[in-house]
Amino acid sequence: MHSDGHLHDGGTWFEPMLLVSIAFFIVIYIGAAAYSGRRFKKWPASRTLFWILGVMSGASALVGPIADRAHMDFTVHMVGHLLLGMIAPIFLVLAAPITLALRTLDVQSARRLSGILKSWPLRILSNPISASILNIGGLWVLYATGLYGAMQHHIILHALVHFHVFAAGYLFTASMIYIDPVPHPLSFKFRMIVFALSLAGHDILSKYIYAHPPSGVLKEQAESGGMLMYYAGDAVDLVLILILCYQWFKATRPRESLAV
Amino acid sequence: MEFKPRNHKDLSITEKRYAYSARNLWSGILFGIGLIAFIDEAIFHQLLHWHHFYDKSTSNIGLISDGLFHALSWFATVGSLFMFADLRRRKGFWLKRWTGGVLLGAGFFQLYDGIVQHKLMGLHQIRYNVDIRPYDLIWNITAATMILIGIVLIIQTRRSILNVKADNRHAQ
């Protein structure tokens, strides 16, 4: 098939490059954790584990059997989407990469990094509303327009869409649950309302896909893919909701228990 | 709210309940919505297969309403239980007011589902290929009953709050 040829041509250089970057991301994190663990308090092993799981789940959507079958089978594509856009971001956010970077870098670079994090473009991007629009709105553009069909024929578009799904997923997760330091934190109530609305957007899109298959997708595949997106999306979002509510529960602890 | 206490330590259990009466009510309402949505999903969708995931007659507004309520109930289930735990650790849990909230939330969700989503928006029906009327009647009458009992419980607990407030005013 024409589209397959294109993607496999790209695959010859893409796969080794990706495997090298996976190794790079894991090694650099472990190195930083060991280095900063010697200077400060020991870096928690659970965070290193989250980082490895995050990189692996993201990568499993891009190379290997899921990636190979994703452009022929929409349901498999949806499995990849879950791994890249939802599961990998949760693990990576829980690994607190920015905290680790700030601990590892020398004072001047750490200041520069926190300056970038405080800058107004990042402040706008990391607002829960804009992060939700980028994340859920991006998915609407992907599945409700011809983009999904076009993506299967153009390797650059394919790569851009995957990058967006991951980056928007990370931005969204980081804007909802605060693990790394946040220069301008927003209230739990505000984050919970935006979260519930974007969850609704995700649910509506799942049923919309079920009813209106994206371009080039068979009816049965759109139906099972839509249902997978609905129920698996619920399961992953349940984890996020639990973390967010638990953070609220800890933050609103009554004063008197502190004195005990 | 004028009744907000300054020091939690000095409060009796009754006063604590009253101080958190709104949180008791909201935790109940959200839990009721979450509970009835869970029962709907687990029993009617997954076990009995009476409801459809998507009905061919579903309108766009029906899809939006369904998505919003599904997301709200999913969040409400978890959030209301954390609120419940919060009330317990503050020793401000008030079973009667909370139960009133549960019945009101559950009844409202079921009535909205039965009247607006099933009938007006045509989201899906309770069952297919049978005479739907007895099902619709049972569905909506149960919902209305839950709302009524819920409102009665909420009014009763509201009255006892007002009584305590009046007593405090006399004592001063």
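Visitor: So helices here are DSSP runs of H or I, at least four residues. With that in hand, how much of residues 25–48 of chain B is helix?

Guide: The span is 96% helix and 0% strand. Its end C-alpha atoms lie 32 Å apart. Keep in mind that this is a predicted model.

Visitor: Where does that span come from?

Guide: It comes from UniProt, where an unreviewed entry lists residues 25–48, 68–86, 98–117 and 137–155 of chain B under "transmembrane region". The 68–86 stretch of chain B is 100% helix in the model, with 26 Å between its end C-alpha atoms.

Visitor: What fraction of chain B is buried?

Guide: Of the 172 residues in chain B, 48% are buried. As for contacts in chain B with a separation of 6 or more, 81% are between residues 24 or more positions apart.

Visitor: Let's switch to the interface. How much area do chain B and chain A bury between them?

Guide: About 2700 Å², with 74% of it on carbon and sulfur atoms. Chain B puts 25 residues into the contact and chain A puts in 29 residues.

Visitor: What about polar contacts and salt bridges across it?

Guide: Ten residue pairs are in polar contact across the interface, both residues being at pLDDT 80 or more. On the chain B side, helix H2 (21–47) and helix H3 (60–89) each supply at least two of the residues that touch chain A. H3(B) gives the most, with 16 residues. By type, the side of chain B that touches chain A has twelve nonpolar, five polar and eight charged residues. There's one salt bridge across the interface of chain B and chain A.

Visitor: Which residues make that salt bridge?

Guide: Lys207(A) and Asp66(B), with 2.6 Å from N to O.

Visitor: Which helices hold the two partners?

Guide: The pair is the Asp66(B)–Lys207(A) salt bridge. Asp66(B) is in helix H3 of chain B, and Lys207(A) is in helix H11 (residues 188–211) of chain A.

Visitor: Is Asp66(B) buried or exposed? And Lys207(A), buried or exposed?

Guide: Asp66(B) counts as buried because its relative accessibility is 13%, under the 20% cut-off. Lys207(A) is buried as well, with a relative accessible area of 6%.

Visitor: How many salt bridges does the structure hold over all chains?

Guide: Seven. One of the pairs is Lys219(A) with Glu223(A), at 2.9 Å from N to O. Both lie in helix H12 (residues 219–251) of chain A, four residues apart, about one turn of the helix. Lys219(A) counts as partly exposed, at 48% relative accessibility.

Visitor: Which residue does Lys119(B) pair with?

Guide: Lys119(B) forms a salt bridge with Asp136(B), and their closest N and O atoms are 2.6 Å apart. Lys119(B) sits in helix H4 (residues 95–120) of chain B and Asp136(B) in helix H5 (residues 133–171) of chain B, so the pair ties together parts 17 residues apart in sequence. Lys119(B) counts as partly exposed at 39% relative accessibility, whereas Asp136(B) is buried at 10%.

Visitor: Which residues are linked in a network of salt bridges?

Guide: Arg23(B), Asp86(B), Arg89(B) and Arg90(B).

Visitor: Last one: where is Phe172(A), and what does Phe172(A) contact?

Guide: Phe172(A) is in helix H10 (residues 155–176) of chain A, and counts as buried at 6% relative accessibility. Leaving aside neighbours within four places in sequence, Phe172(A) contacts Ala131(A), Ser132(A), Asn135(A), Ser198(A) and Leu240(A). Phe172(A) and Ser132(A) are 40 residues apart in sequence, with 5.9 Å from C-alpha to C-alpha.

Note on methods:
Residues numbered from 1 in each chain as written. Chains lettered and ligands numbered in written order. Predicted model: local features only at pLDDT ≥ 70, side-chain atom pairs only at ≥ 80, totals over all residues. Heavy atoms only, no water. UniProt positions renumbered as here; feature names shortened; annotations may be inferred. Contact = heavy atoms within 4.5 Å. Buried area = accessible area lost by both parts, 1.4 Å probe. Salt bridge = Lys/Arg side-chain N within 4 Å of Asp/Glu carboxyl O. Polar contact = N/O pair within 3.5 Å; in protein donor to acceptor, adjacent residues only side chain to side chain. Nonpolar A, V, L, I, M, F, W, Y, C, P; charged D, E, K, R; others polar. Buried < 20%, exposed > 50% of the residue type's maximum accessible area, 1.4 Å probe, protein only.
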